[in-house]
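The following paragraphs lead the reader through one protein chain, from its overall build to selected details.

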Amino acid sequence: MAENKDRNDNEINLRRRILGFFLFPIALFPLLALLTYDWREIPALCIPPLRPTSNLIGIAGDWFAYVGYQIFGLAVWVLPFMCILIGLLLIRGRSFNPGRRTAGLALFTLALTCLTQLTGGVPSVQDTLHTLNIEPNAGGAIGYLIMTLGLTRVLSPFGSGVLMASIMLFALLWTIGFRTIIRGISGVLDWCMDRHELTPEEIAEKKRLAEEKEAALNAAKIARAAA
């Protein structure tokens, strides 16, 4: 029974890694579409539109960038990097937990879009908005509806910004997982403390402790699955 469970776990991890490798080229499509977007190629913004399109993803890339900017504003750039992050998690064999992580990423994107709306008055951001022909809303339709027409009238821009920054931090912790963050911090601290050259005995002892810790974690997972 244990062998069947190990085989199933290996198959699941293999599928996750394959899916993660496929997400990397998929993430290139929105990234290249945004990098090579020209608003003059959109019929709704320029008559007649420039042809042939210079977007590396073609007309589909133009419309993806156009719709993305209209809805999310400058925060649309977070989408390809989310695909890369998910791909890395899957390649490492991590369980993606679609429900929790998807909700966390959606909440993070929403808060980032609203926070971006507050940067529309910065001169450098204004130049970018003018170049993309999406001024004055740096946060797109979502930022305009939630922030300009809603929160800033109740909480002021500063209060709204603090609220959205807090929501982003919460969403990030929820998505990554508090335990994962603690492990990462612990790993960095261990690396900083062990920068001195270790003896072969110390290396062997450290490896043994790491293997025991990994075995204990696996045993705990098996016990939870059995329960």
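**Overall build**

The chain contains eight helices and zero strands; helices (H or I, at least four residues) and strands (E, at least two) are DSSP runs, numbered from the N terminus. This is a predicted model, in which local features need pLDDT of at least 70 and side-chain atom pairs count only at pLDDT 80 or more, while totals for chains, interfaces and linings use all residues. Residues are numbered from 1 along each chain as its sequence is written, and side-chain values use heavy atoms, with hydrogens and water left out.

Of the 227 residues of the chain, 27% are buried, where buried means under 20% relative accessible area, exposed over 50% and partly exposed in between (1.4 Å probe, protein chains only).

Helix H6 comprises residues 140–176. A kink of about 110° is found at Ser-156 in H6, shortly before the proline Pro-157; the bend at a residue is the angle between axes fitted to the seven residues ending there and the seven starting there. Among the buried residues of H6 are Gly-140, Met-147, Ser-160 and Thr-175.

Aromatic rings provide a further detail. Rings of Phe, Tyr and Trp (its six-membered ring) pair if their centres lie within 6.5 Å; planes under 30 degrees apart count as stacked, over 60 as edge-to-face and the rest as tilted. By this rule there are three aromatic pairs. One of them, Tyr-37 with Tyr-69, is tilted, at 5.5 Å centre to centre and 45° between the planes. Tyr-37 lies in the loop between helix H1 (2–35) and helix H2 (59–72), and Tyr-69 in helix H2. Both Tyr-37 and Tyr-69 are buried.

Note on methods
The expected span of a helix is 1.5 Å times one less than its number of residues.
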